[in-house]
Amino acid sequence: MKTSLAQRSGMAEHERFIPMKTSLAQRFRIGERERFILLLVSPAVLVLLLFQIVPIAIGANASFRDWMLNNPKKTWVGLSHYISVLTDPAFIKIVLPNTFMFMFSSVAISLALGLGLAVALNRPFRGQSLVQTMLLLPLMIAPVIAAIMVRWMFNDQFGIVNVVFEAIGLEPRAWLAERWTAFGIILLTDVWLWTPWFTLLLLAGLQSLPKEPFEAAAIDGTTRWRVFRYLTVPMLHPVILVCVVIRAIDAFRVFDIVWTLTGGGPARQTEMFSQYAYQSAFVYLNFGRGSAAAIIGGAIILAVGLILYKFLDRVSKVSA
């Protein structure tokens, strides 16, 4: 009797673990559908691996080494490049303030102008399609081409802006030879290029909003400003959140416009983060320091993006 009871208990324990083994096997089994999905995403994963993950890994490795063109040994130096960048007065007093000032100013102005244009274009009027097409023209121009055009316009000798100034009796100026005028021209060029992007996305968001709240507000006789403030903007918060975060990340790494217009001058007064990392790596050929600057910038923009996302998400929840 004892043997039979032991055998029964053993069989019961064995049967208890059979479903668990079966469920684990079923859980990790790759079926035909899963294999097809992996086959579809594998080219994108391969491209991401080769052109994103691998370069980041190589750059992270270089940031810890004395990786210069005249030093093939690539000596391990630890955090010395990071300390050098973070204690560089030009990086702390010029590069970071310029970058953050440009990022916040460009995003804020482009958002305000884009929202205003989107609201204006959201109602039908004669020639609406023509206006929308003309508004999207800056998106069709490469930033380098736009920067070259603006540089010629503000040329201190034969630029059209100084010609107009002289025609109305004002003194011409060397626009790109002074810090704040050069910074303003860079900001103006970036806003001109990116305002249509905000307009396009916000206009799509406006056209997807439900019409019932606006019809109820019209019946109640609510003013346009109150409708805009208490209905339009709160309902557009998700779209605004995405636009601001994406554009802030892109503005932080601006390079082409600044490099074409001023090259970071005069005397590094308009230098941004991307120019600092580029010059460290490819002008002074200090790949370790340039990689460390790039890693620091990536960490900064990651933190800024998360902070912006949390802040704007909290604002949208409070206003809702």
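How many aromatic pairs does a search of the whole structure find? The search finds 18 aromatic pairs, where rings of Phe, Tyr and Trp (its six-membered ring) pair if their centres lie within 6.5 Å, and planes under 30 degrees apart count as stacked, over 60 as edge-to-face and the rest as tilted.

## Basis of the model

This is a predicted model, in which local features need pLDDT of at least 70 and side-chain atom pairs count only at pLDDT 80 or more, while totals for chains, interfaces and linings use all residues. Residues are numbered from 1 along each chain as its sequence is written, and side-chain values use heavy atoms, with hydrogens and water left out.

## Overall fold

The chain has 14 helices and two strands; these elements are DSSP runs numbered from the N terminus, helices being H or I with at least four residues and strands E with at least two. Of its 320 residues, 33% count as buried, a class that means under 20% relative accessible area, with exposed meaning over 50% and partly exposed lying in between (1.4 Å probe, protein chains only).

Among contacts between residues at least 6 apart in sequence, 67% join residues at least 24 apart, contact being defined as heavy atoms within 4.5 Å. The accessible surface of the chain comes to about 20,100 Å², and 69% of this area belongs to carbon and sulfur atoms; such areas come from the Shrake-Rupley method with a 1.4 Å probe, and for residues only the protein chains shown count as cover.

## Aromatic residues

One of the aromatic pairs is formed by Phe255 and Trp259, which is stacked because the ring centres are 5.5 Å apart and the planes stand at 15°. Phe255 is partly exposed at 25% relative accessibility, and Trp259 is also partly exposed, with a relative accessible area of 34%. Both residues belong to one aromatic cluster together with Tyr278, Phe282 and Phe287.

Asp190 lies in helix α8, which covers residues 179-207, and counts as buried at 2% relative accessibility. Leaving aside neighbours within four places in sequence, Asp190 is in contact with Phe102, Ser106, Arg247 and Ile257.

Asp88 is placed in the loop between α3 (80-86) and α4 (89-121) and is buried, with a relative accessible area of 17%. Not counting residues up to four places away in sequence, Asp88 touches Tyr276 and Arg289.

## Surface features

A nonpolar patch on the surface is formed by Leu46, Val47, Leu48, Leu49, Leu50, Phe51, Ile53, Val54 and Ile58, which together have about 830 Å² of accessible area.

Leu137, in the loop between α5 (128-135) and α6 (143-153), counts as partly exposed at 41% relative accessibility; Leu137 and Pro196 are 59 residues apart in sequence and 8.2 Å apart in space, C-alpha to C-alpha. Arg224 lies in helix α10 (residues 224-235) and is exposed, with a relative accessible area of 67%.

Definitions and conventions:
Patches are made of residues with over 30% relative accessible area and no salt bridge: like charges are joined within 9 Å, nonpolar side chains (Val, Leu, Ile, Met, Phe, Trp, Tyr) within 5 Å. A salt bridge is a side-chain nitrogen of Lys or Arg within 4 Å of a carboxyl oxygen of Asp or Glu.
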